[in-house]
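Colleague: I have the model open on my screen. Take me through it in short questions and answers, please.

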Amino acid sequence: MRKNGDRGFTLVELAIVLVIVGLLLGAVLRGSEMIRNARIKSIQNDLRGYHAAIYTFLDRMGRLPGDTDRDGRIDETDPFNELEAQNIAVRKSSPFGGNYNIWWRTGIPDTHGTTSANCIYVGNIPVQVARTIDDQIDDGLADNTPQNDSGRRSGSFRYSGTSGRVTIYYIID
């Protein structure tokens with residue numbers, strides 16, 4: 001109870017303010033986690049969508065987009081030009097700012113160091129996001145080590161680097 005002339009807040013008032021602040025902080029933290037999860041799902045859906053688009057193009061045209069000499073490597077022309085011309089897919093940026101690319105790449109992390117393959121790749125991805133995506137769509141290992149390799153090549157997922165921002169690779173062979 002307050003007496004005339006007392007100034008300040010009661011313990012009940014302070015407790016109520018602390019509860020409200022705690023609820024607000026909890027909501028903000030939960031919201032940022034939901035945004036992060038939505039970005040991860042967006043990348044996964046983009047990778048799978050581009051993978052499907054490449055095989056749709058293969059069914060229609062009898063070759064991979066960007067493989068004009070039909071050697072199995074996407075390395076002659078920009079595949080997105082051909083995918084867009086067939087109204088199959090368009091190039092866009094990932095939720096983290098990197099552009100998706102489809103190309104024959106060398107230096108992809110592998111069991112024995114590096115490998116070369118046709119892949120969908122995108123840079124500027126936080127390493128924790130790359131790990132989460134790898135856990136959810138492949139085997140959870142950046143380099144597909146033998147003891148846990150999914151045994152699949154097409155659709156397997158790899159990334160380069162262990163900290164900061166990395167490049168992710170989604171193998172499409």
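Colleague: What share of the 173 residues is buried?

Modeller: This is a predicted model: local features need pLDDT of at least 70, side-chain atom pairs count only at pLDDT 80 or more, and totals for chains, interfaces and linings use all residues. Numbering starts from 1 along each chain as its sequence is written, and side-chain values use heavy atoms, with hydrogens and water left out. Buried means under 20% relative accessible area, exposed over 50%, and partly exposed in between (1.4 Å probe, protein chains only). Of the 173 residues in the protein, the buried share is 35%.

Colleague: How much of the accessible surface belongs to carbon and sulfur atoms?

Modeller: Areas come from the Shrake-Rupley method with a 1.4 Å probe; for residues, only the protein chains shown count as cover. The accessible surface totals about 9,900 Å². The part that belongs to carbon and sulfur atoms is 54%.

Colleague: Where is confidence lowest among the helices and strands, and where is it highest?

Modeller: pLDDT is the predictor's confidence in each residue, from 0 to 100. Its mean over the protein is 85, with 87% of residues at 70 or more. Strand S3 (residues 157-159) has the lowest mean, 84, and the highest, 96, belongs to H2.

Colleague: What pattern does the protein follow along the sequence?

Modeller: Helices (H or I, at least four residues) and strands (E, at least two) are DSSP runs, numbered from the N terminus. The protein has three helices and four strands. Read along the sequence, the pattern is α-α-β-β-α-β-β.

Colleague: What is the strand order in the sheet?

Modeller: Two strands pair if DSSP finds at least two bridges between them. The four strands form an open sheet with antiparallel pairing. S1 and S3 are the edge strands, each pairing on one side only. The order is S1-S2-S4-S3.

Colleague: How many bridges join S2 to S4?

Modeller: The two strands run antiparallel. Cys119 stands opposite Ile171 in S4. S4 is mostly covered, with five of its seven residues buried. The number of bridges between S2 and S4 is six.

Colleague: Which residue in the turn between S3 and S4 has a positive phi?

Modeller: S3 and S4 (residues 165-171) pair antiparallel over three bridges. Phe157 faces Tyr170, and Arg158 has Tyr169 as its bridge partner. Five residues separate the two strands of this hairpin, and phi is about 95 degrees in the turn at Gly161.

Colleague: At what angle does helix H3 run to S3?

Modeller: Axes are lines fitted to C-alpha atoms, for helices over the stretch in contact, and angles run from 0 to 180 degrees between N-to-C directions. Helix H3 (residues 127-137) lies across S2 (113-126), S3 and S4. Its angle to S3 is about 160 degrees.

Colleague: Which residue pairs with Asp46 in a salt bridge?

Modeller: A salt bridge is a side-chain nitrogen of Lys or Arg within 4 Å of a carboxyl oxygen of Asp or Glu. The whole structure has four. The N to O distance is 2.8 Å, and the partner is Lys92.

Colleague: Why does that pair tie together parts that are 46 residues apart in sequence?

Modeller: Asp46 sits in helix H1. Lys92 lies elsewhere, so the pair ties H1 to the loop between H2 and S1.

Colleague: How far apart are the closest N and O atoms of Asp78 and Arg91?

Modeller: Asp78 is in the loop between H1 and H2, and Arg91 is in the loop between H2 and S1. Both count as partly exposed, Asp78 at 27% and Arg91 at 30%. Their closest N and O atoms are separated by 2.6 Å.

Colleague: Is Asn87, with its positive phi, buried or exposed?

Modeller: Most residues other than glycine have a negative phi. Asn87 has a phi near 55 degrees and is found in the loop between H2 and S1. Because its relative accessibility is 70%, Asn87 counts as exposed.

Note on methods: Contact means heavy atoms within 4.5 Å.
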